Amino acid sequence: MKLKQLEIALQRCAGYTRPKASLEQYQTPAPLAARLLYDALMHGDIEGKRVIDPGCGTGILAIGAALLGAEAVLGIEIDERVLETARANADLLTADVTFIAGDVKDGSLPARAGACDTIVMNPPFGAQNAHADRPFIDFALAAAPVTYGIFNAGSIPFVEAYTAGRARITDKTGGRFSIKRTFAFHTRDVQEIEVEILRLERTA
Ligand code: SAH
């Protein structure tokens, strides 16, 4: 599947019906999701691999990984209600993904999730709850040797410091996240957010 075909397929994923600000529920736009997944594919981190998408929301990253030939894909999400949308999206795109409810802060989750080669994630950026992305990084490093994550532009110093001695950043790709007015505290109709897709490799 070509990058453009993936993007067009992922565009069909339904979004959140009633997004919760406290959980930073924003669906990754299809072009950005496709970019992350294609980078991972080109690195040999998707095809035939076991992939987990923590905080999968409506499932766009998990579904894309399945469409690109992952051997097994697991989506994990704290908000069970959202998983109905994720499952419907997977059915729509005939993607084979298992979705389970779970909290990345739960220390038993990596064992429950099972063996994994690659994490793909767009975690909360911590705009509502400071440091909300930390438990995602901790889960990712506990669960898999390779992680792709979407972070706020300028996060590299934080990610490097936070993962020192545990992982190193091997690649970064810039991108854009444009979000439509969703919550009352949003002041613009469309807000452009600069992001970075980082690839982390576990070192410890
Ligand atoms: N990965 C999806 C959703 C991004 S929004 C996408 O790319 O479109 C972040 C998601 O993380 C939300 O769906 C939110 O409900 C979920 N989330 C927030 N805290 C969580 C936690 N502690 N454990 C699991 N999921 C969580």
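A salt bridge here is a side-chain nitrogen of Lys or Arg within 4 Å of a carboxyl oxygen of Asp or Glu. By this rule the count comes to twelve salt bridges. The model is predicted, so local features need pLDDT of at least 70 and side-chain atom pairs count only at pLDDT 80 or more, while totals for chains, interfaces and linings use all residues. Residues are numbered from 1 along each chain as its sequence is written, and side-chain values use heavy atoms, with hydrogens and water left out.

Next, select Lys4 and Glu7. Their salt bridge has its closest N and O atoms 3.3 Å apart, and both residues lie in helix α1 (residues 3-10), three residues apart. Glu7 is buried at 14% relative accessible area (buried is under 20%, exposed over 50%, partly exposed in between, with a 1.4 Å probe and protein chains only).

Now select Asp117 and Arg50, where the closest N and O atoms are 3.1 Å apart in a salt bridge. Asp117 sits in the loop between α5 (109-113) and β4 (118-121), and Arg50 in strand β1 (residues 50-54), 67 residues apart. Asp117 is buried, whereas Arg50 is partly exposed.

Move on to Arg176 and Glu194, which meet in a salt bridge of 3.0 Å, N to O. Arg176 belongs to strand β6 (residues 167-180) and Glu194 to strand β7 (residues 190-202).

Finish with Asp45, Arg168, Arg199 and Glu201 together: salt bridges link them in a network.

Definitions and conventions. Helix = DSSP H or I, 4+ residues; strand = E, 2+ residues; numbered from the N terminus.
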